[in-house]
Amino acid sequence: MTDAIDVLRSHRSIRRFKPDPVPEEDLLRAVEAGQQAATSSNIQGYSAIRVKDPAVRAALVPLTGGQAKVASSPLFLAICGDTRRHRLLAAREGTDYQPNLEGFMLAVIDATLFAQNMVIAFESMGYGTCYIGGLREDLPAVHKVLRTPEGVWPLFGLCVGRPDQDPERRPRLKTDAVLFDDRYPEDEDILAAIDDYDRVMHDWYRSNGIDTPDWSARIRQHFEEKRRTSNAAWYLGAGASFE
Ligand SMILES: Cc1cc2nc3c(=O)[nH]c(=O)nc-3n(C[C@H](O)[C@H](O)[C@H](O)COP(=O)(O)O)c2cc1C
């Protein structure tokens, strides 16, 4: 196994951090590594807003569903899909900028690859990380706090710092439950793989003090209700198009 694969396989989200700051050079190394991720047609449709001001961090905690780590992590980045550059350069030359679903997806995919490359870089330097999808809990308020202009879409946050906990890795589905040959499998094969995983996760939840019977129950609960239903309208209002 290469060192990179060791780092990838050791991942677990870290939710408690030591107070040590993240030196600027480590942040810049991670951002450069993030930027070197592949990007659709080299559009580089992303940006990260580092939130340094403690008052702004504190303001973000209730907006992310009360996640205290958003304020207490040494580094917090708000990762955005960013089409602002593309719009500005079209406006400067007086050419059209046509938003559509494809453009929205390009920015979301690019921003995610950028962020995940940063996560790998941080973890390879011994930092712990935790993504914060809670950043989409209240997009109108997050947008006001971060002053994101039209065409810039907050997607998720990222907490970074030296780990102050050593959680067990969370097992995943077996590889043959996600890697298929030639054609998509039958539903009963999918469900059998899930039953298998449920047995693993049942024990994992018990030994980690999490009150859930198994993965199936967690997933059922997760998708029982529509979540964050106003976000489509917010993204549309912020210059996205889903056509
Ligand atoms: C896009 C994204 C958003 C996430 N949002 C949150 C979050 O708001 N709060 C949190 O504590 N963990 C969050 N997580 C972490 C996941 O819960 C975690 O990755 C998953 O349970 C698997 O655990 P592991 O990362 O420890 O392997 C998020 C992960 C991703 C990829």
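1. A pocket here is an open set of points on a 1 Å grid over the protein atoms alone, where a 1.4 Å probe fits and protein lies on both sides within 12 Å along at least five of seven lines; lining residues have an atom within 4 Å of a point.

2. A word on the model, which is predicted: local features need pLDDT of at least 70 and side-chain atom pairs pLDDT 80 or more, while totals for chains, interfaces and linings use all residues. Numbering runs from 1 along each chain as its sequence is written, and side-chain values use heavy atoms, leaving out hydrogens and water.

3. Now to the largest pocket, with a volume of about 1,200 Å³. Its lining has 30 residues, and S13, R15, R170, R218 and H222 are the closest to its centre. By class there are eleven nonpolar, ten polar and nine charged residues; Asp, Glu, Lys and Arg count as charged, Ala, Val, Leu, Ile, Met, Phe, Trp, Tyr, Cys and Pro as nonpolar, and the others, Gly among them, as polar.

4. Which helix gives the most to this lining? Helix 9 does, with five residues. Strand 3 (128-132), helix 8 (187-207) and helix 9 (215-222) each supply at least two. Helices (H or I, at least four residues) and strands (E, at least two) are DSSP runs, numbered from the N terminus.

5. The domain assignment, automatic or from a database, gives domain 1 (3-167) and domain 2 (175-219). Their C-alpha centres lie 29 Å apart, and each domain gives at least three residues to the lining of the largest pocket.

6. Finally, the ligand: 13 residues surround it, the closest being H11, S13, R15, Q67 and G133, counting residues with a heavy atom within 4 Å. A side-chain N or O atom of H11 is 2.7 Å from a ligand oxygen. A polar backbone atom of G133 is 2.7 Å from a ligand nitrogen, and a backbone N or O atom of Y131 lies 3.2 Å from a ligand nitrogen.

Conventions: Points joined across faces, edges and corners; volume = space filled by probe spheres on them. Polar contact = N/O pair within 3.5 Å; in protein donor to acceptor, adjacent residues only side chain to side chain.
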